[in-house]
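Here are some notes to keep beside you as you look through this one for the first time. Take the points in order, with the viewer open.

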Amino acid sequence: MDKKIAVLPGDGVGPEVVEQGVKVLEAIADRFQHKFTLHYLDVGAAAIEKFGTPLPSNTLEVCQRCDAILFGAVGDPKYTHLTPGQDRPEQGILQLRKKLGLFANIRPVRTIPSLLHLSPLKKEKIKNVDFVIYRELTGGVYFGTRGRNEDGSAYDVTTYHAREIERIARMAFKQALKRKGKVTLVDKANVMETSRLWRETVCKIGQQYPSIQLDFLYADNAAMQMILNPRDFDVILADNLFGDILSDEAGAITGSIGLLPSASVGDGTPLFEPIHGSFPRAAGEDIANPMATILSVAMMMDHFKLYEEASVIRHKVRHALEKGIGTAELHLDTVYSCSQMGDMIAHLITDHYELPHS
Ligand code: IPM
Ligand code: MN
């Protein structure tokens, strides 16, 4: 298979984790005789420094012509204070999602048996947790008008059209058909009008999927249920903001946000990125966990319908963790750096290698 892949390392630990993802892409290409042509592009603070904008037009154009995007992270403390909306590094990813029409962000959350001790929750609570978050990604408060009034007050407007809800709801129901058959809509329908439109619209779409159980949870309760009964979830459907918040919580209960991948899909070139951010404090230290990025590469393989390739990547990641090897934050027996992790996974893939029994 011949594919063009845009590689956007971005800021903070982005370049380090993406480098490991690329090693894995190359290992897969080597073992399965594929050709992946990589196009490196600037985004985020890195692009502001060079071109004065977080999403240069060349970056967008090349992304549009590629088959997939591998994305690191954006965000830099240098721009945290006072920098107004449009000029922040975060606009690099937000505008990319919007301009490519990537309206669905898919975040699978699964616990790994050998890592249950990492969770702040009791082992029996998180054993066999397996759910996926479908987060709406191009609407809601992220893209509404915002600003300041003359009296010094500020506002952020949340708007949703039924069609924006319908298209992601359909995806969520289809996914539930392949899984445990349950969709949970997370909203604040007791307070917000957009949430009431979400309920109405999702109920309507749900009628076309009579075998799927459709549940509703207010967002505050959903945050609590994720801690009390995380195994009860199957497909979580949420708007842009609630989905963002719940996915970090999901990262915490599984033990490390450094293990969670994501795929953003919709109209244009699909984008694959770890859900953790740029983690500026660790930048350049070679300590970040590259597994979320490597598992995002596995999601990219699934998207290309290269299912064996995807499962080889997942198997090798799990294998290394089960052998007690991981980055520092996992507190396993053997601590590897970010680049050592990438080298090892790539090596396990190319050489069909399994680690010896310890
Ligand atoms: C994410 C991130 C982004 C978001 C930031 C970097 C703008 O937190 O992908 O979850 O809020 O969507
Ligand atoms: Mn987030």
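1. Start where two helices meet: Met291, Ile294, Leu295, Val297, Ala298, Met301 and Asp302 in α10 face Tyr307, Glu309, Ala310, Ile313, Arg314 and Val317 in α11. Contact here asks that C-beta atoms, placed from the backbone, lie within 7 Å. By class, this contact has 10 nonpolar, no polar and three charged residues. (Ala, Val, Leu, Ile, Met, Phe, Trp, Tyr, Cys and Pro count as nonpolar, Asp, Glu, Lys and Arg as charged, and the others, Gly among them, as polar.)

2. A word on the basis: this is a predicted model, in which local features need pLDDT of at least 70 and side-chain atom pairs count only at pLDDT 80 or more, while totals for chains, interfaces and linings use all residues. Residues are numbered from 1 along each chain as its sequence is written, and chains are lettered from A and ligands numbered from 1 in the order in which they are written.

3. How do the axes of α10 and α11 cross? Helix α10 covers residues 291-303, and its axis comes within 7 Å of that of α11, at roughly 160°. That makes α10 roughly antiparallel to α11; angles under 35 degrees count as roughly parallel, over 145 as roughly antiparallel, 65 to 115 as roughly perpendicular and the rest as oblique. The crossing is left-handed, meaning that the near helix is turned anticlockwise from the far one by less than a right angle, with clockwise for right-handed. Axes are lines fitted to C-alpha atoms, for helices over the stretch in contact, with angles from 0 to 180 degrees between N-to-C directions. Helices are DSSP runs (H or I, at least four residues), numbered from the N terminus.

4. Now follow α11 (residues 307-322) to α12 (residues 338-350): their axes come within 10 Å and cross at roughly 125°. That makes α11 oblique to α12, and the crossing is right-handed. Val312, Ile313, Lys316, Val317, His319 and Ala320 of α11 make the contact with Met344, Ile345, Leu348 and Ile349 of α12. Eight of these residues are nonpolar, one is polar and one is charged.

5. Helix α10 also packs with α1 (residues 14-32), at an angle of about 40° and with axes 8 Å apart. The two are therefore oblique to each other, in a right-handed crossing. On the α1 side, look for Val17, Val18, Gln20, Gly21, Val24, Leu25 and Ile28; on α10, for Thr293, Ile294, Ser296, Val297 and Met301.

6. Which residues surround ligand 1? They are Val74, Gly75, Glu90, Ile93, Leu94, Asp244, Ile275 and Gly277, each with its C-beta atom, placed from the backbone, within 6 Å of the ligand. This shell has four nonpolar, two polar and two charged residues.

7. Lastly, an unreviewed UniProt entry places the feature "binding site" at Arg97, Arg107, Arg135 and Asp220. They spread over 124 residues of sequence and up to 26.6 Å between C-alpha atoms. Arginine 97 lies in helix α4 (residues 91-99). UniProt positions follow the numbering used here, feature names are shortened, and annotations may be inferred rather than shown by experiment.
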